[in-house]
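Subject: The structure to look through

Hi there,

Here is the structure I said I would pass on to you. Open it in your viewer first, and then read my notes alongside it.

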Amino acid sequence: MLYSYVRIGLLAAILAFPTAVARDTGTIAGHVRNQAGEPVSKAQVLVVGTTYGAVTNDSGYYFISDVPAGTYTLRAQFIGFSPAGVPGVVVVAGSTRTVDFTLKPIVGALQGVSVVAGANPIIPRDEATAKSVGESRIYVDGAPARQFGNAQPGSIVSGQPMHPNPNYRQRRDPWNTESYNVIDENPFIAVSAHPLSTFSSDVDRASYANVRRFISEGQLPPKDAVRLEELVNYFPYSYAEPDNDDPVAIHTEVAPAPWNHRHQLVRIGIQAKRIDLENTPPSSLTFLIDVSGSMDEPDKLPLLKEAFHLLVRQLRPKDRVAIVVYAGNAGLVLPSTPGSDKERIDQAIDNLEAGGSTAGGAGIKRAYQEAVANFIPGGNNRVLLATDGDFNVGVSSDAEMVRLIEEERKTGVFLTTLGFGQDNLKDSKMEEMADHGNGQYNYIDNIMEAQKVFISELGGTLYTVAKDVKIQVEFNPAHVQGYRLLGYEDRLLRDEDFKNDKKDAGDMGSGHSVTALYEVIPAGVTPDEDLRTPDSLRYQGPSEPAYRIRPADRTPGQEMLFVKVRYKTPTGSTSKLITHPVLARGDESPSVDFRFQTAVVEFGLLLRQSQYKGDANLADVIATARGALGSDPDGYRAEFVRLAQTARGLGLPLDERDDGR
């Protein structure tokens, strides 16, 4: 598939003066190949410093049209290869410039080891040193050896257990202060003690893009950067939309667990309806842009500008945009402007420069003030916060930010957070703000991800169709003795909050899907894991949990579990309930989507080195994903296969026999 990005001002000029403009623009085309001369499909080719770019087709060919005459630097990149750049590319009006690339594979050579003097061989560190700060882990490196206790000669100076594979690599930079919330994986729970599982929906996709960024740069991510639900939810699936007045529909499937064939996987998919964007209510958007000194990097403010230019092109005349920026202080750089005045909006974005400290709290308050002042009743009112999350002036702690966001969301304005950059990305803060601001969190690592967020998935990014979406699953002890929810650790709810309409939960935008997988231990199977149960009671004996009565043709004895979903309309305050029983059957062949989802989850378990990974191995991940590409017009699934292959080159074992155990 080929994407061409054409500036809106240029497009308008073409429409008005086609002959004149043809003389002012040219074309760049060529092929991207590997060192063996084979085509590299789905590689990204970017015109650096602009919003022009393309993706190669199956023959490795790309084509970028309507590029203004001038001299540029081109960059080609693809998962598993080192990026290649070609400077000094001269585009001549009315002609085509051919630029070919040869990409070299990333070599999984060892980098960044620290040892204490001794005779034993050097052993690389398994991951960056983790220092616990509140409820987050900040990944840093380069601290003096004396800070790490009793290191033995020849051992690695590290705050984490050593990975046995000598190529297992993670970030090493001494200035790296990226932070991630600690994830304590959900355990297996006994149905006899706790038959209900309740959690909030989550449409964030940031974790996958962030993991891709790490692996693309030749290193494995910190395990707390790997959120299973966000890996799975990154990809589009073929769930059917609701066929009634509900904005969401429930889809389920059951199959054996690939990493433990004595267990089963239950897939619960929630699909939101898609709305025609042309007929949606007007939007009042407030861009809240971090222009502090920490944003002065190519993958931060410059990429941010390119991303927002893409969004501006999608605006309709009835939409409006205001721009608030913050560094040491916060200020308004563009008052609310109609979407028809794209040139003025683009100019305001282009004029932004980075410098100073980061008063994020002040920026958020100022942005909400502007959003409220330009509030459109019945419209889509939203703040889009773009930052690396590195707040260091005024309100800055995660707890303070959450309280601020919770107070501001009462205005009816939604919040979307967009993460940029590396080394000081505050993933934990970005996720918290989106979760509590009735919005979602995306991480943008390149212009193609911006295209996905602001063009391909614009409806989901901007237009909410169901808010406070909660899922509750009741397991039938006649068929299930234990279960474990894969991911959603920071989205768990108390069972009683399922019906509590005052309890906030995740929202779903147009076309969004939410997928949750449970690993279940069937009744009669001897558990491999300890099942979480309470201690015995003194004043009441054990009792079998009651299971609801179903119609005669679908009795409780046939049901494995029962799914309930509650949601509110975007402007509603009272939730509505939809339900879906899942029958106890596992003899059907899993769908292509389900097979691909199991591969993604298995990959996540391996990246996290999960205690629940069982017999998971990278060979199965790659084989399963390859066999479940299905309809993949944008190449996301093919990219995942390459990502898994690259992870092996970085030291993630192909299977347990590869890691020396």
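The lining of the largest cavity divides into 9 polar, 4 nonpolar and 2 charged residues. Please keep in mind that this is a predicted model. The cavity in question has a volume of about 70 Å³, and 15 residues line it, with Arg-382, Gln-440, Gly-460, Thr-464 and Asp-507 closest to its centre. Two elements each supply at least two residues of this lining: helix 11 (458-462) and strand 25 (506-509). In total, the structure holds 4 cavities of 30 Å³ or more. If you wonder how such spaces are found, rolling a probe the size of a water molecule over the atoms shows where empty space is left.

Next, the pockets. The largest pocket has a volume of about 1,000 Å³. Which residues lie nearest its centre? They are Gln-44, Leu-46, Gln-77, Asp-445 and Asn-446, out of 46 residues that line this pocket. By class, this lining has 20 nonpolar, 15 charged and 11 polar residues. Several elements each supply at least two residues to it, among them strand 2 (44-47), strand 5 (70-77), helix 3 (206-216) and helix 14 (636-649). Helix 10 provides the largest share, 5 residues; you can find this helix at 447-456.

The second largest pocket comes to about 730 Å³. Of its 34 lining residues, Phe-414, Lys-467, Thr-569, Pro-570 and Thr-571 are the closest to its centre. Here strands do the supplying: strand 20 (380-387), strand 23 (464-475) and strand 27 (559-568) each give at least two residues of the lining. Strand 23 gives the most, with 4 residues. The classes in this lining are 11 nonpolar, 11 polar and 12 charged.

Now for the nonpolar cores. The largest one has 42 residues, and those that touch the most other members are Phe-235, Trp-259, Phe-596, Phe-603, Leu-618, Phe-640 and Leu-652. Elements that give two or more residues to this core include helix 3, helix 4 (228-233), strand 15 (248-257), helix 12 (592-607), helix 13 (618-626) and helix 14. Helix 12 gives the most, with 9 residues.

Which residues is Phe-640 in contact with, leaving aside its neighbours within four places in sequence? The list is Tyr-208, Phe-235, Phe-596, Ala-599, Val-600, Phe-603, Val-621 and Ala-625. There is also a second, separate core of 38 residues, which includes Val-55, Phe-287, Leu-334 and Ala-348.

Why is helix 3 largely enclosed by the rest of the structure? Because 10 of its 11 residues are buried; for this, buried means under 20% relative accessible area. Among the buried residues of helix 3 are Ala-206, Tyr-208, Val-211, Arg-212, Arg-213 and Phe-214. Just after this helix, Gly-218 takes a positive phi of about 90°.

- With strand 4 (residues 61-68), strand 1 pairs in the antiparallel sense over 6 bridges, and Ile-28 stands opposite Ile-64.
- With strand 8 (residues 96-98), the pairing is parallel over 3 bridges, and Ala-29 stands opposite Thr-98.
- With strand 9 (residues 101-105), strand 1 pairs in the parallel sense over 3 bridges, and the bridge partner of Val-32 is Phe-101.

Last, the chain as a whole. How many helices and strands does the secondary structure come to? The count is 14 helices and 28 strands. Buried residues make up 56% of the 661 residues in the chain. Among contacts between residues at least 6 apart in sequence, 77% join residues at least 24 apart.

Best wishes

Technical notes
Residues are numbered from 1 along each chain as its sequence is written. This is a predicted model: local features need pLDDT of at least 70, side-chain atom pairs count only at pLDDT 80 or more; totals for chains, interfaces and linings use all residues. Side-chain values use heavy atoms; hydrogens and water are left out. Two strands pair if DSSP finds at least two bridges between them. On a 1 Å grid over the protein atoms alone, a cavity is a set of points where a 1.4 Å probe fits but cannot get out, and a pocket is an open set with protein on both sides within 12 Å along at least five of seven lines; lining residues have an atom within 4 Å of a point. Grid points are joined across faces, edges and corners, and a volume is the space filled by probe spheres set on the points. Ala, Val, Leu, Ile, Met, Phe, Trp, Tyr, Cys and Pro count as nonpolar, Asp, Glu, Lys and Arg as charged, and the others, Gly among them, as polar. A nonpolar core is a set of buried Ala, Val, Leu, Ile, Met, Phe, Trp, Tyr and Cys residues joined through side-chain atoms within 4.5 Å. Buried means under 20% relative accessible area, exposed over 50%, partly exposed in between (1.4 Å probe, protein chains only). Contact means heavy atoms within 4.5 Å.
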